[in-house]
Amino acid sequence: MPPASVFIVEDELIEAEDLRQTLEKLGYIVTGIARSGESALESLNTTRSDIVLMDIHIAGRMDGIDTARRVRTLHKIPVIFLTAYVDETTLERAKVTEPYGYILKPFDERELHSVIEMGLYKHRMEEQASENERTIRVLANAIPDAVMLLDHSRQVLALNNAMEYRLGRIPSEGGEGPAHLPDHYGISESILSRLEETIRYGRTLRFEEQAGTDWYEISLIPITGPDPDHFRVLVQYHDISDYKRLEEQLKTEGITQIEHNMEQFQILNDQIRNPLQAIMGYVNLDCVYYRQHIMEQIGLIDNLVSCLDHGWVESEKVRKFLLRHYRDNPDEGPETPSVTGHGGGRG
Amino acid sequence: MDTVLVVDDDPAIREIFTAFLTMGGISAIAVSGGRECLDLLSTRTPDLILLDLMMEPMDGWETLREIRHHPVAGQVPVMIVTGKQPVLADILQYGGMIEDFIGKPIEFGKFVACLPRTLEQIRDLHQITAQKKEAGTDPALIAEYIHLLHLVRVTQNLIRRYKDNSWADRISLKKQEERLASLHTLLGFPDRFLIWDERG
């Protein structure tokens, strides 16, 4: 690893020079020395430094704390404070800028070294963590499913863009704090009612929900969190609308096929009865001796056809059932006669 | 002599029906379909039409509708004689327009033997109805009465004949029967019209 580069902000010329010599002795590269906050910010625009050593009490409009805050937001370079004396108020102000270290003057060479190394390490770790977070976010947003993480008090800890879109939330860049699960076509209701089981008992739940014209398979997956008594819940919306539509189409086609079959059935029964009727007629016209036997046999066949008829009536029941339960607008016949009485009949 | 028109696409049925009707002293005409039936009605008005249901291209119900719109023969009584099982929706729609719904196979001899009495009852109703109209009774109420009388009779006959059919227990005629009874009293029709016996 190449030696780290350090930028110094110190208005005391001798102290600054002393600091530079010590740093160079320790193997660092000193990229510059600024005597005020303003000139520090200007120099940092043109030179690339790994870390900044900042005296809190410096001359100029900005003190070290103000400058550190700017360095942090503008350049994302870690800052270590240097000071001989600090009061409580200043310390409180300094904390807010999240410094990477604190060195009291007069400084000790070894202390200086270790604080700088710790600061650099901490900064590298943080960069890596935020890089990891970016990667996870990219992955989370790459999947089409909407996902979010809820804590045991049912607040949203994290969610991907797809979920933000589904919930109708405006994507925001962190810092907003956890939000309550907003309603989404009433789906949140069905999620909330089941959450307890996952939070408390760590059960994975899967169920289907309709949202407008879309269908989702919703999964509630327990995730171990910091609280040993409660699970966090990963909520996943998997869009199954296409699958549902296909299923619906198959059902409709199935019904059409059944209707077709029943129609065939009906025609066939009618056609069987016609020759039966003819035989019966001819026998009655022109057969005396065997008439009774033939009529008995015809009776048997008629019974069989009646059984088929019964099957057809049963199919009618099946059809009604199918239509009622699988079609949007069941075309059921009226349950009771609805006769107003004017149209037909003989006068 | 009474004339009965047989509408059936099966030539054997037409032949035997004609034979039995003739033997029973009834003048018989037979045609093979709905279109032929309507054509015939332009020139002749039978006393009764025996109508099959499953026919092509014009089925029995369609033929019935056309008959009821016929300028000359619109009032001819129609009896369904078919191998098709009755369907609830059809009965509710057409029950008020027909004398009866009879399932094949039938015993022609018995059936034909019953016909004179049926025709007599039809004429009886027709006659009383004409009298009522002449006496100034509201024709709309009469038409409603006639329609309900047919619907209730056809349905009760079917329920009796097709006891094992699932739709039979789903049909509720209560309202129609009540309305029929009140019209019967209101219009003063003879009680014999509310008594019907098994046919076919």
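Angles under 35 degrees count as roughly parallel, over 145 as roughly antiparallel, 65 to 115 as roughly perpendicular and the rest as oblique. Keep that scale in mind for the helix stop below.

This is a predicted model: local features need pLDDT of at least 70, side-chain atom pairs count only at pLDDT 80 or more, and totals for chains, interfaces and linings use all residues. Residues are numbered from 1 along each chain as its sequence is written, while chains are lettered from A and ligands numbered from 1 in the order in which they are written.

**Stop 1: the helix pair in chain A**

Select α2(A), residues 37-46, and α3(A), residues 64-75. Helices (H or I, at least four residues) and strands (E, at least two) are DSSP runs, numbered from the N terminus. The two helices pack at an angle of about 15°, and their axes are 10 Å apart. Axes here are lines fitted to C-alpha atoms, for helices over the stretch in contact, and angles run from 0 to 180 degrees between N-to-C directions. α2(A) and α3(A) are therefore roughly parallel to each other. Their crossing is right-handed. A crossing is right-handed if the near helix is turned clockwise from the far one by less than a right angle, and left-handed if anticlockwise.

Now show side chains. From α2(A), the contact uses G37(A), A40(A), L41(A) and L44(A). From α3(A), it uses D66(A), T67(A), R70(A), V71(A), L74(A) and H75(A). Two residues are in contact if their C-beta atoms, placed from the backbone, lie within 7 Å.

**Stop 2: strand β1 of chain A**

Select residues 5-9 of chain A, strand β1. Of its 5 residues, 4 are buried, so the strand is largely enclosed by the rest of the structure. A residue is buried if 20 or more other C-beta atoms lie within 10 Å of its own, exposed if 12 or fewer, and partly exposed in between; C-beta atoms are placed from the backbone.

Which strands pair with β1(A)? One is β2(A), residues 29-34, parallel over 5 bridges. Another is β3(A), residues 51-55, parallel over 4 bridges. Two strands pair if DSSP finds at least two bridges between them. Strands of a sheet pair through backbone hydrogen bonds, either parallel or antiparallel.

V9(A) has A34(A) as its bridge partner in β2(A). F7(A) stands opposite V52(A) in β3(A).

Next, trace the chain from β1(A) to β2(A). It passes through helix α1(A), residues 13-25, and this β-α-β crossover is right-handed. A crossover is right-handed if, with the strands pointing away from the viewer, the path from the first strand over the helix to the second runs clockwise.

**Stop 3**

Most residues other than glycine have a negative phi, and most peptide bonds are trans. Here are some exceptions.

- K76(A): phi is positive, about 50°, although the residue is not a glycine. Find K76(A) in the loop between α3 and β4 (79-83) of chain A. K76(A) counts as exposed, with 11 C-beta neighbours inside 10 Å.
- E98(A): phi is near 50°, again positive in a residue other than glycine. Look in the loop between α4 (88-96) and β5 of chain A. E98(A) is exposed, with 12 other C-beta atoms within 10 Å.
- K105(A) to P106(A): this peptide bond is cis, with omega near 0°. P106(A) sits in the loop between β5 (101-104) and α5 (109-142) of chain A.
- K104(B) to P105(B): a cis peptide bond joins these two, with omega about 0°. P105(B) is in the loop between β5 (100-103) and α5 (108-134) of chain B.

**Stop 3: chain B and its sheet**

Colour chain B by secondary structure. Along the sequence the pattern is β-α-β-α-β-α-β-α-β-α-α-α. Buried residues account for 41% of its 200 residues.

Zoom in on β3(B), residues 48-51, and β4(B), residues 78-82. These run parallel, joined by 3 bridges. I49(B) has V78(B) as its bridge partner in β4(B).

**Stop 4: D8 of chain B**

Is D8(B) buried or exposed? It counts as buried, with 26 C-beta neighbours inside 10 Å. D8(B) lies in the loop between β1 (3-7) and α1 (11-23) of chain B. Leaving aside neighbours within four places in sequence, D8(B) is in contact with I13(B), R14(B) and D52(B). Finally, draw a C-alpha to C-alpha distance from D8(B) to G34(B): 8.6 Å, for residues 26 apart in sequence.
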